[in-house]
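Hi,

Here is the structure I promised to pass on.

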Amino acid sequence: MIRYALGRLTSLIISLFVASLVIFAVIEVIPGDPAAFMLGVNARPDTIAALRAEMGLDQSLVTRYFDWVTGLLRGDFGQSWTYKTPVAELIADRIWVSLPLASYALILSTLIAFPAGIYAASRRGGPGDITIMGATQLGVAIPNFWFAMILVLIFAINLRWFSAGGFPGWSDPLLAIKSLTLPAIALALPQAAILARVMRSSLLDMLGEDFIRTARAKGLSRRQALWRHAVRNALIPVLTIIGLQFSFLLAGGIIIEQVFFLPGLGRLIFQSISARDLIVVESVVMLLVFTVIIVNFAVDLAYAVVDPRLRAKT
Amino acid sequence: MSILRISDLSLRIGPVDILRDVNLSMNHGQIVAITGESGSGKSMTALSVMGLLPRGAVAEGQIMLDGVDILQTPEPDLCRMRGNAMGMVFQEPMTALNPVQTIGAQVAETILIHEDVTRAAAHARAAEMLERVGLKVAPSRYPHELSGGQRQRVVIAMAIALRPKLLIADEPTTALDVTTQARILDLLQELVREFDMGMLLITHDLAVVADVADQIVVMQKGRVVEAGPTQDLLANMQHPYTRALFEASSHQVQLPARSQTALLLMVDQVARDYPLPRKGLLGPRPNFRALHDISFQIGHGERVGLVGESGCGKSTLTRAILGLEDVQAGQIRLDDAPVFAGKRPNLAVRRKMQVVFQDPYSSFNPRHRVERLITEPFHLLDDPPIGLARDAAITKALQDVGLSRSDAGKYIHEFSGGQRQRIAIARALIIEPELIIFDEAVSALDVSVRAQVLDLIADLCRKRPLAYLFISHDLSVVRTVTDRVMVMQAGRIVEQGATEDVFTDPQHPYTQTLIAAVPQLPELSHATDPV
Amino acid sequence: MSRNLIIGAVLSLFFLVLAALSFVWTPYDIEALDIPNKLHGPGGANPLGTDHFGRDILSMIMMGARTSIAVALVAVSIGMALGIPLGLLAAARHGSLLDELIMRGNDLVFAFPSLVIAILITAVFGASAVNAIIAIGIFNIPVFARLTRGAALPLWERDFILAARVCGKSAARISVEHILPNITNLMIVQGTIQFSLGILAEAALSYIGLGAQPPTASWGRMLADAQTLVSIAPHTALVPGFAILLMVLGLNLLGDGLRDWLDPRIRVARV
């Protein structure tokens, strides 16, 4: 188990390293002179020179990359050009919207998908299965941002149960959660549809396995065999999808934040793109990728908890 | 008193008749064997008794177990009976266990589901039961850490944990090596006597049947064609099918005498290593030596057998001879040229060898027609036949193996298992190689089809001198189709010699164990027709 | 032929025809603004109503279908053209350093959701339909590479591959002759699913302004424009939304139907 974890940790570190190289290359190498790019075509040479000095562009690429990465490790993300504040502060303010939103959506999606998928598999071919599968077919096809607009139209504008957008801050946690509820539903339902389909088909695969027949021969009913033997085995492919979905929820959150005017990372990133504040874009993208890689690492560890064969493997 | 009585059992799945009027009965402490070829309905009979029929199956008749009619019992009551009044052991020990639960927990589950005992008590009894079935590993192990034979013992422990009245064993040893098979059969027989159970043994292996059964039921196409006490039935077979089945099981072929003696294949002190995973993160990669110091020769027109149990290195040796992988020591030469020529194969050597595999279902690309399948070896020729010459070659190859020209345009799924093996032989023969490797080529076939394919091989030997290496775990088959035999154990050849000599007077202890473990078919009461 | 297949084919074909038709004819010119005629509800001269500039929504849907289909189709083609050979190569060299590199590379791309790739590209090159294609296309490469490798590996274990090797065929030749024909169905089915995901991704990117730029019509763009009008003119949001929904639903049904028809054992990956 420890060797397995160490192995995954090694590939985690390598992934992070390569990802940081890619992001650094795209932001700081491809534009030519990032300072000139950030200031636009009409900038005065002395302003550009000032920014170059501030960004450390007079140093070599290797030194700049090294400074950037060690800065990241120390929590120093550099200084935003437009906001004139440390990027770390900008992110710290906004991450408390984006991360809870993605987590909220993931929890919702799992809570909906697991029972739906298990129920559909256990009633294969029955009316319940057909209804759930039909609903997931729709869920997979709905663009989440449009779904969000419909939710606003119904629940905020017509019924007035929720506010149409904005975020009141965490001083009142209940109110904060309430204002994240519609966005989380909009994010979660399409993902739940996918997850329920994966859960169902994975379970149906497992129900065809020999060990289910063995369990039935022991005297377990169909349902007992499903719950005691099929579900845990079916979790292995489901976990993979959950891991992938987190990255989609995080990225999808960027879009949903637009619909609900939430002050999250998405807003920050779009404002930075239009202001050509590359340092902020670079840091936020790195943070997103970092989170995705960490979540995938956690999923790898979860595999090992579920599957003893992986624990033994090197 | 009979514990199981099946009366007039008929079974349909959709429009297809699976079983017709099956009758049998069984007493305490008795072993009743149902035998027959694939599609005879023997496994479906077993599943009917368990009440585990596939969806859409409609059964009629009566299955009385200890006074209860299984076919009339509602599902919840059947659940209470399964594992309790009747237990079942399946064919595939590798997949029959839940990979994510410990073996102890899986055995304990049988107890927990039926009896109101504490978890700890159930686990203690499970451990006892695992010990009783001769398993010497801790109950906290997972299935993937166990060998096939060990896993089968776990499945048996699960099935008998509550001392059921009836144990159903569906091909319990088919997936196992012959020495493991002997031990599992011994265990099952012991348990039947000790627990005074009835055992319904489903097997295609007539030698096993003759060895262990008290009663034999022979099935063909869903019907019982003959049944009776083992000794009586063996001594006096009434039905022609029974007779044909037993004859095919001990089928002998007559090989023509060898006409040439020149050396064809030379394997000299060959060793083959596989790298194992690293010990530490950066430690050295240890090697696993799959072949040790292998030396033998095959002459032109010589028929050589290779026997050994799974994992002994047979497949590794096959790959090395075919020149698909390099060896770490020694050399393999065919007609005095090395068989392995680095990345780019030496076609001149390759065209002298072909291979026929075990599994007729995975041997062919399902998307190609037969003519394309069997002409694949033409790739080895510098100047492959085209047009009419190609057509003639296809026709001849198909006719040589008993198929017709019209089969060339078909896809492989249109053929039965036996026909597919014929096509595989046609593919191997089309470029007239010097050496053919038969890699368990008849192991997956029913006995009657196997007999036909063996006849075909003997026939081909008569048409032209053919040298082959016949690899099989089935000793009786090797005995009849080879001049010389080699016995392999753990990557070494422990014995080699003329086939009859090795079989009648084995020298190495392993060979002796192997031959002793093979269940023997009794001499039939009448002479086998000469071929 | 299942019901899925027929409904899916009809829906997909409907949008394909709309898109094709837009090259020769649309009811109105979508570049001509007609402010006095703005925000008309459906019916009358504009069957699907008009937007805040008075443009005909039906015409915009037709032009938008063209953008959606073009972006998704090219992106899926990029994914297939690069992903399938990579997957075949990784499977043929299973366990080698090359295989490891390809698979780790795939994992790395998976760490960048297509939206993040789009953000990176836009930050440097600006927003455009081409950049949306590149972002979605890059993301499709590992999808097809993984799927191909996953389907090819069990095939490489089959005896018929060994027979081909015995006949002296090279790994490349075997990949083309034996592996590829046996994974074609899977690729067709997955391609359909990726096509539908591409439509969704294009709509999302246009919605946040990282995709097609005005005056190019795009469904996502229409939704972005409709956002502030949703309470006074719901049809401006409903119509493009349903267009996306029906197109994606059609492609998904088509994919499922094709799977059932070609080979029910096919497993598609959907993320």
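Before the interfaces, one term: two residues are in contact if their C-beta atoms, placed from the backbone, lie within 7 Å. Also, this is a predicted model, in which local features need pLDDT of at least 70 and side-chain atom pairs count only at pLDDT 80 or more, while totals for chains, interfaces and linings use all residues. Residues are numbered from 1 along each chain as its sequence is written, and chains are lettered from A and ligands numbered from 1 in the order in which they are written.

Let's begin with A against C. The contact takes 39 residues from chain A and 33 residues from chain C. Several helices of chain A each put at least two residues into that side, among them helix 1 (2–29), helix 7 (144–158) and helix 12 (278–306). Helices (H or I, at least four residues) and strands (E, at least two) are DSSP runs here, numbered from the N terminus. The top contributor on the chain A side is helix 10 of chain A, with 8 residues. By class, this side of chain A has 34 nonpolar, 5 polar and no charged residues. For the classes, Ala, Val, Leu, Ile, Met, Phe, Trp, Tyr, Cys and Pro count as nonpolar, Asp, Glu, Lys and Arg as charged, and the others, Gly among them, as polar.

Now chain C itself. Chain C has 9 helices and 0 strands, and its C-alpha atoms fill a box of roughly 75 × 45 × 30 Å along the principal axes. Of its 271 residues, 56% count as buried. A residue is buried if 20 or more other C-beta atoms lie within 10 Å of its own, exposed if 12 or fewer, and partly exposed in between, with C-beta atoms placed from the backbone. Among contacts in chain C between residues at least 6 apart in sequence, 72% join residues at least 24 apart.

One helix to look at there is helix 2 (residues 57–92) of chain C. Helix 2 of chain C has 36 residues and reaches 51 Å from its first C-alpha to its last, close to the 52 Å expected (1.5 Å times one less than its number of residues). Of those 36 residues, 28 are buried, so helix 2 of chain C is largely enclosed by the rest of the structure.

Finally, chain B. Its domain assignment gives domain 1 (2–249) and domain 2 (263–276 + 287–516); such bounds come from an automatic or database domain assignment. The C-alpha centres of the two domains of chain B lie 36 Å apart, and 9 residues of domain 1 are in contact with 9 residues of domain 2. On the domain 1 side, helix 9 (240–249) of chain B gives the most, with 4 residues. The residues of that side divide into 4 nonpolar, 3 polar and 2 charged.

Chain B also has an open sheet of 4 strands in the order 2-1-4-5, with antiparallel pairing (two strands pair if DSSP finds at least two bridges between them). Strand 2 (16–27) and strand 5 (68–69) of chain B are the edge strands.

Cheers
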